[in-house]
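Let's take a look around this protein together. Have the sequence and the 3D view handy as you read.

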Amino acid sequence: MYRTIYRFTMLLIILTQAIKIKKVYGERLRDKIYVPINGASCFRRLNSTHQVGCSSTQSGSVGVLHLIEEKSDFDFLLRSLSAPPYAPMIPPYLFSRENIMRLKNEGGRNISVVLLIDSNTDKMTNFSHELQCPNQYSGIFLPNSTESPTCNANNQEGTWNPWGTGLLYEDLPFPIYYVPDQDEIKKLIKCFEDFNNFDYDSHSRRSLCAIEVNTFMSAAVSTEVCMRRTKFINNLGRTRYCDPLEGKNVFATLFPRKIQSRLDYDDNQEKYIIVTCRLDSTSMFELTGLGAMDSLMGFGTLVSVAHMLKLLLPDQSILKNRQLNVMFVILNGESYDYIGSQKLVFDLENLTFPPRYTRTSPITFDNIEFVLDLNTFDEISSIRLHSISEFPQAKELLSKLKHYGSRKEYDFNIEFNSSLGYEMPPSSIQSFLRKNISFPACVLNAPPTNRYYHSIYDDEVNIKFHYANTSRDYTQLMSIDEAFRYFPADSVQMKIRNISSVVAMALYEMLTYENYTSNKLANPLLIDEFLYCFTMSADCPLFKAASKPNSLPALQIPPNRYISVAGSPQESTGWTYRILGYLLSNKMENVTESNCNYLPRNWFAGFDGKGECRLTTQNYSLALSPAFLIEDYNWTSGEYSTWTESTWAPFSARMFLRPSRLHETITFSIGCVVLIISFCLIYIISTRAEVLFEDTGPGASTDALAPPTAC
């Protein structure tokens with residue numbers, strides 16, 4: 001009995017160890033077969049009528065690697081091949097609409113994956129896959145028209161993005177995987193050279209280097225179909241196929257608003273100049289695209305304007321009209337049919353802005369003096385003030401901009417001009433004008449020169465940014481001469497300083513009715529730190545100053561500014577909230593941290609990192625298209641943005657050697673033979689079990705046993 005138990009125990013131990021050994025060697029074998037490739041993938045988005053982007057098959061798309069070095073290399077992929085499907089590795093200078101659409105329309109089953117490899121970028125002259133008329137179907141419309149008159153897509157030279165290919169809005173039948181790391185690219189090219197790049201006629205007879213990309217998207221068809229499927233409850237549960245693009249707008253006032261226990265509009269006599277800019281950017285690939293020239297220039301200008309005005313006007317009592325205030329609104333989701341500004345206009349109409357939890361009176365259109373949008377500043381030397389028609393505030397603002405922009409003692413050398421009519425850049429004020437064409441709204445915009453609009457290459461290199469890292473105080477204004485000690489006149493820091501100083505001076509005069517005569521201007525050191533935080537590393541002095549003392553260090557990468565969906569990190573929104581609160585607040589002297597733990601009081605680390613209490617005015621509002629809030633919304637109406645993002649499992653890509661067709665056929669055939677033999681053996685064994693397996697236990701049959709010998 002005990003011997004049997006002992007043997008059974010030892011058998012279990014041996015089996016357990018064998019399983020462990022098998023598991024270890026199994027993992028090592030897998031690692032030898034597959035080499036993971038890190039990168040970013042194109043993904044699927046949907047609107048009310050279409051799906052755009054790309055997706056792999058549900059089990060992953062596999063293709064044989066083929067390096068594209070010149071345009072003629074595409075011809076090989078589009079003719080009859082011996083070992084399809086293939087995965088072309090395309091450098092940026094050949095990643096054009098013409099070439100990608102050839103792969104889509106002519107490639108068929110020959111193309112299963114496309115790799116964009118970050119090599120030979122010196123040959124690239126432009127890279128923008130946005131439309132030539134961004135947001136052309138969601139702006140201002142003429143009566144009985146379905147297209148915006150603000151941009152003519154048929155006239156490429158007159159569009160706002162003349163280098164746009166529109167690939168961002170194409171539905172592609174294969175996944176596109178972006179590989180930026182040079183070591184990964186070397187692995188791919190070496191594997192291609194070792195196994196694929198010779199004797200192309202024999203591809204079908206030998207093992208080839210291939211890649212498997214798994215980026216399957218759950219959503220399909222359109223937002224209307226996807227949302228209907230998502231809302232369907234099956235087996236008491238719900239499966240999410242897509243989510244609306246959703247984020248938060250960030251806003252702050254120059255002067256604190258009155259906190260009220262009872263929120264009534266009747267006694268609200270406040271007047272506001274609203275200054276807006278765009279927070280978000282986008283690109284074809286997940287978590288890529290810094291939008292440096294596209295939106296960060298305008299964003300930095302607004303932050304600099306707000307900071308300069310706060311230092312010049314610390315108290316509202318300085319103004320002759322003490323009901324007048326300035327509100328700075330940084331809008332999210334503007335890249336996708338003006339999500340943030342549409343929601344802002346919707347809230348103003350329904351008396352729900354600011355949100356009720358701010359405990360301030362609602363603001364309506366009647367409280368707004370005018371709206372000024374700081375849009376794209378590709379080239380600072382020549383800027384236009386666009387509006388549908390001339391209104392008094394725009395005329396006054398333009399005259400002041402011209403005055404300060406041409407003052408010799410400041411040496412800004414910025415030329416300001418007026419542009420009246422429907423030819424207007426894609427900007428947030430179109431959401432206001434769409435509701436009321438005579439609404440007082442205008443936008444500052446430079447002529448388009450950004451060849452990398454809404455792309456992975458709109459980064460710090462595109463704006464020629466070089467971090468000065470002076471570690472000097474950026475919280476005060478700086479004199480004209482002092483700024484040149486740190487930055488050359490043609491640096492991006494000085495360019496943003498110039499335009500933000502001019503705008504701040506003009507608004508200062510409109511608020512105080514006094515000319516600005518000081519030699520103190522916006523601080524380029526603040527702009528230097530701001531650009532470093534948003535283009536190079538979130539672990540930066542400005543973000544640290546706008547956080548609590550001794551906070552954990554931020555990531556060593558810049559925050560992503562794509563709007564994304566509810567539940568995503570959206571770290572850029574949080575940092576925007578903090579820096580706007582820090583730079584637009586009043587320091588409260590002799591207030592300890594224990595007395596600074598409730599809003600609107602905030603405890604910041606400050607420039608010296610020691611901690612300080614500040615009275616803040618910043619807050620959030622929801623950036624979600626009203627289409628997802630209105631019950632039974634008509635998805636085909638085109639009134640509001642309807643963009644959603646597909647759900648997906650984690651992306652993966654791995655390189656391996658794909659066996660030849662002959663090898664696969666032989667392996668499959670041997671497997672089938674072994675399977676048939678196994679069934680035959682099992683049948684024979686089961687029918688002869690009584691002979692092959694003796695049962696000597698109690699009650700066992702003794703028919704097959706030999707007769708006992710005589711005693």
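## A charge tucked away

Which side chain of opposite charge is nearest to Arg-658? That would be Glu-664, 5.1 Å away. Arg-658 is buried yet has no salt bridge. Here, buried means under 20% relative accessible area with a 1.4 Å probe, counting protein chains only. A salt bridge needs a side-chain nitrogen of Lys or Arg within 4 Å of a carboxyl oxygen of Asp or Glu.

You'll find Arg-658 in strand S27, residues 652–658 (strands are DSSP runs of at least two E residues and helices of at least four H or I residues, numbered from the N terminus). Its side chain reaches the backbone oxygen of Ala-83 at 3.4 Å.

## About the model

This is a predicted model, where local features need pLDDT of at least 70 and side-chain atom pairs pLDDT 80 or more, while totals for chains, interfaces and linings use all residues. Residues are numbered from 1 along each chain as its sequence is written, and side-chain values use heavy atoms, leaving out hydrogens and water.

## Rings in pairs

The structure holds 31 aromatic pairs, meaning rings of Phe, Tyr or Trp (its six-membered ring) with centres within 6.5 Å; planes under 30 degrees apart are stacked, over 60 edge-to-face, and the rest tilted. Phe-530 and Phe-534 make a tilted pair, 4.9 Å centre to centre with 45° between the planes. Both sit in helix H12 (residues 524–535), four residues apart, or about one turn of the helix. Phe-530 is buried at 1% relative accessible area, and Phe-534 is buried too, at 0%.

Technical notes. Buried means under 20% relative accessible area, exposed over 50%, partly exposed in between (1.4 Å probe, protein chains only). Lys and Arg count as positive and Asp and Glu as negative; His and the chain ends are not counted. A polar contact is a pair of N or O atoms within 3.5 Å; within protein, one must be able to donate a hydrogen and the other to accept it, and residues adjacent in sequence count only if both atoms are side-chain atoms.
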